[in-house]
Structure formats: structure tokens, C-alpha cells
Amino acid sequence: MQVVSSTEFATHQQKYLDLARREQLLVNDGIHTFEITYQPMVEEPIYFEPDEDFHRSITAEQLLEGVHEDIRRKFALRK
């Protein structure tokens, strides 16, 4: 574990980001201490399973038609 000042971190950012890949890095700004952690990017997209409300879903076309109907009703009441 290494602790560095925020000024030192800002000056040599790449050095400390590379270091954070190998060990725990703490950055202290004089008031707070922040932990810099390395988390590799996930290459695979994350897909979620449909939940119990899936059966209530509508298509984009159905949504658009509903919006148009709402607009028609709204402006029909103004006459």
C-alpha cells in the first residue's frame, strides 16, 4: 500500500495509475483520503433477464401511437 499527496498524484498521474494496477494506492488531499482501485473493463456486454413485468411491455410503435392519441385528446378538449 502506498499513500501519496493529491499534488504528487496529479503531477505523476500515469505513474500512479500504473502502480494502482499492482497494489493499493491511497491519495490524500490533506483532508480526505481516497483509494484508487484498478478494475479492468468488461469486454462482454451485460444482459439482464426479463423480470415479471415483461409481459406488460409494448413496442416503440405502440408507444408512439399512444403518444399521438394523447396529443389528439389533449387538443380536442381545447376546441
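Contact here means heavy atoms within 4.5 Å. In this predicted model, Phe-9 touches Val-4, Tyr-16, Leu-17, Leu-25, Val-27 and Ile-36, with residues up to four places away in sequence left out of the count. Phe-9 is found in helix H1, which covers residues 6-11. The residue is buried: the relative accessible area of Phe-9 is 13%, and the cut-off for burial is under 20%. A further distance places Phe-9 relative to Thr-33. These two residues are 24 apart along the chain, and their C-alpha atoms are separated by 12 Å.

The chain as a whole has three helices and three strands. Their order along the sequence follows the pattern β-α-α-β-β-α. The radius of gyration is 26 Å, whereas the globule rule gives 12 Å for 79 residues, so the chain is more spread out than a compact globule. The C-alpha trace spans about 70 × 35 × 20 Å along its principal axes.

Of the 79 residues in the chain, 10% are buried. Phe-9, at 13% relative accessible area, is one of the buried residues. Contacts between residues at least 6 apart in sequence were sorted by separation. Of these, 11% join residues at least 24 apart. The chain exposes about 7,500 Å². Carbon and sulfur atoms supply 55% of that area.

Charge was examined next. The chain carries 9 positive and 15 negative charges. Side chains of opposite charge can pair when their charged atoms come close. The structure holds five salt bridges. Among them are the pairs Arg-72 with Glu-65, Glu-69 with Arg-72 and Arg-73 with Asp-70.

Arg-72 takes part in two of the pairings described here, one with Glu-65 and one with Glu-69. The N to O distance is 3.5 Å for Arg-72 and Glu-65. For Glu-69 and Arg-72, the N to O distance is 2.9 Å. Glu-69 and Arg-72 lie three residues apart in helix H3, which covers residues 60-76, so about one helical turn separates them. Arg-72 is partly exposed, at 45% relative accessible area. Glu-65 is partly exposed too, at 43%. Glu-69 falls in this class as well, with a relative accessibility of 32%.

Arg-73 pairs with Asp-70. The closest N and O atoms of this salt bridge are 3.1 Å apart. Both residues lie in helix H3, and their spacing of three residues is about one turn of the helix. Arg-73 has a relative accessibility of 47% and counts as partly exposed. Asp-70 is likewise partly exposed, with a relative accessible area of 42%.

These pairings belong to a wider arrangement. Glu-65, Glu-69, Asp-70, Arg-72 and Arg-73 are linked in a network of salt bridges. Each of the five side chains lies between the cut-offs for burial and exposure, under 20% and over 50%: Glu-65 at 43%, Glu-69 at 32%, Asp-70 at 42%, Arg-72 at 45% and Arg-73 at 47%. Phe-9 in helix H1, by contrast, is buried.

Terms used
Residues numbered from 1 in each chain as written. Predicted model: local features only at pLDDT ≥ 70, side-chain atom pairs only at ≥ 80, totals over all residues. Heavy atoms only, no water. Helix = DSSP H or I, 4+ residues; strand = E, 2+ residues; numbered from the N terminus. Rg over C-alpha atoms; globule rule 2.2 N^0.38 Å. Buried < 20%, exposed > 50% of the residue type's maximum accessible area, 1.4 Å probe, protein only. Areas by Shrake-Rupley, 256 points an atom, 1.4 Å probe, with all protein chains shown as cover. Lys, Arg positive; Asp, Glu negative; His and termini not counted. Charge placed at Lys NZ, Arg CZ, Asp CG, Glu CD. Salt bridge = Lys/Arg side-chain N within 4 Å of Asp/Glu carboxyl O.
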